[in-house]
Amino acid sequence: MSIDSTDRVLIEALQGGLPLVPAPYAEVADRLGLTEAEVTDRLAAMKSTGVIRRIAAAPNHYRLGMTANGMTVWDVADARIAELGAQVGALPFVTHCYERPRALPNWPFNLFAMVHGETREEVEAKRAQIRDLLGDARRGDDILYSTRILKKTGLRLRKRG
Amino acid sequence: MIRPDKTDRALLNLLQEDLPLTHRPFAALAARLELTEPALLDRVTWLRDEGYITRFGPFFDAAAMGGAFCLCAMAVPAADFDAVLTKVNARPEVAHNYERAHRLNMWFVLATETPEGIAQTADAIERETGLKVLRFPKLQEFYIGFRVAA
């Protein structure tokens, strides 16, 4: 995939978000001196190459009352991770689910699933559901609750010549 | 009326689906919630202004633009926590950083413009803090989404 200088201008213009107006792509086009079709064609191309994953809202879990945030981590046999990871990721309360490398000897966990809830009890109940789903494929697990947000910024795209 | 109400919550879920690249993309959402387009846009603006959504727009993938992301973790002694935090957060490559209740108590995401940037930045943090930076790049992604009870 490749993005050209116009794509880059478009990305920079949209980093803060899409204007919340009836015709947002036309509005962005106006600002950049493009046509609406140029904007939507470029956005469609960036979606097809994966530069844009989707155009959507980023919810603020804390503001929504989901103040308990647990990163559940699981040690699952490598041979079964694709199958089980997909099942865990499909649970409606799992917001992020990834296979990541182990860091042996102290970190045997290779499946990470983020779970949010209004209380830790709620998070624990959801964690138990994941444990049931994994069954005897689970060789070990842990949960890491977040206790403080230390930094949170969006993607910063540096300007290139 | 207590906000966010049932309609706001249903909207919040709809807003996490991919917005179409059409001339009036919000009109279709409005129809699904039996709202007018202006009423829907008012609600989206309210959700954003009140901080229920931090942003509405394209989600860019730095990796697809040639950059890279990596989740990293450090076991920081309590007495050194603030000093290490200052050094870690000073780096623009550190996008998110969370304290977690665990021996590995500092978890942050590095976002760099090149894949090599991850190792360079993590190595630099190790040199500067004298602490090991464990690296957990994603090998497979299974799902990203979030649903509220609507």
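Biologist: How many residues of chain A are in contact with chain B?

Modeller: Two residues are in contact if their C-beta atoms, placed from the backbone, lie within 7 Å. Here 62 residues of chain A touch 58 residues of chain B. Please keep in mind that this is a predicted model, where local features need pLDDT of at least 70 and side-chain atom pairs count only at pLDDT 80 or more, while totals for chains, interfaces and linings use all residues. Residues are numbered from 1 along each chain as its sequence is written, and chains are lettered from A and ligands numbered from 1 in the order in which they are written.

Biologist: Which element gives the most to the side of chain A that touches chain B?

Modeller: Elements are DSSP runs numbered from the N terminus: helices (H or I, at least four residues) and strands (E, at least two). On this side of chain A, strand S5 (138-152) of chain A gives the most, with nine residues.

Biologist: What classes do the residues on that side of chain A divide into?

Modeller: Ala, Val, Leu, Ile, Met, Phe, Trp, Tyr, Cys and Pro count as nonpolar, Asp, Glu, Lys and Arg as charged, and the others, Gly among them, as polar. That side of chain A has 38 nonpolar, 13 polar and eleven charged residues.

Biologist: In which sense does S5(A) pair with strand S3 of chain B, parallel or antiparallel?

Modeller: Strands pair if DSSP finds at least two bridges between them. S5(A) and S3(B), residues 94-100, are antiparallel over five bridges. Look for A:Arg148, which stands opposite B:Glu99 in S3(B).

Biologist: At what angle do helices H2(A) and H3(A) pack?

Modeller: Axes are lines fitted to C-alpha atoms, for helices over the stretch in contact, and angles run from 0 to 180 degrees between N-to-C directions. For H2(A) and H3(A) the angle is about 110°, and their axes are 8 Å apart. Angles under 35 degrees count as roughly parallel, over 145 as roughly antiparallel, 65 to 115 as roughly perpendicular and the rest as oblique. H2(A) and H3(A) are therefore roughly perpendicular to each other. Among the residues making this contact are A:Tyr25 of H2(A) and A:Val39 of H3(A).

Biologist: Where in chain B is confidence lowest?

Modeller: pLDDT is the predictor's confidence in each residue, from 0 to 100. Chain B averages 92, but strand S6 of chain B (residues 140-144) has the lowest mean, 79. Where pLDDT is low, the predicted coordinates should not be read in detail.
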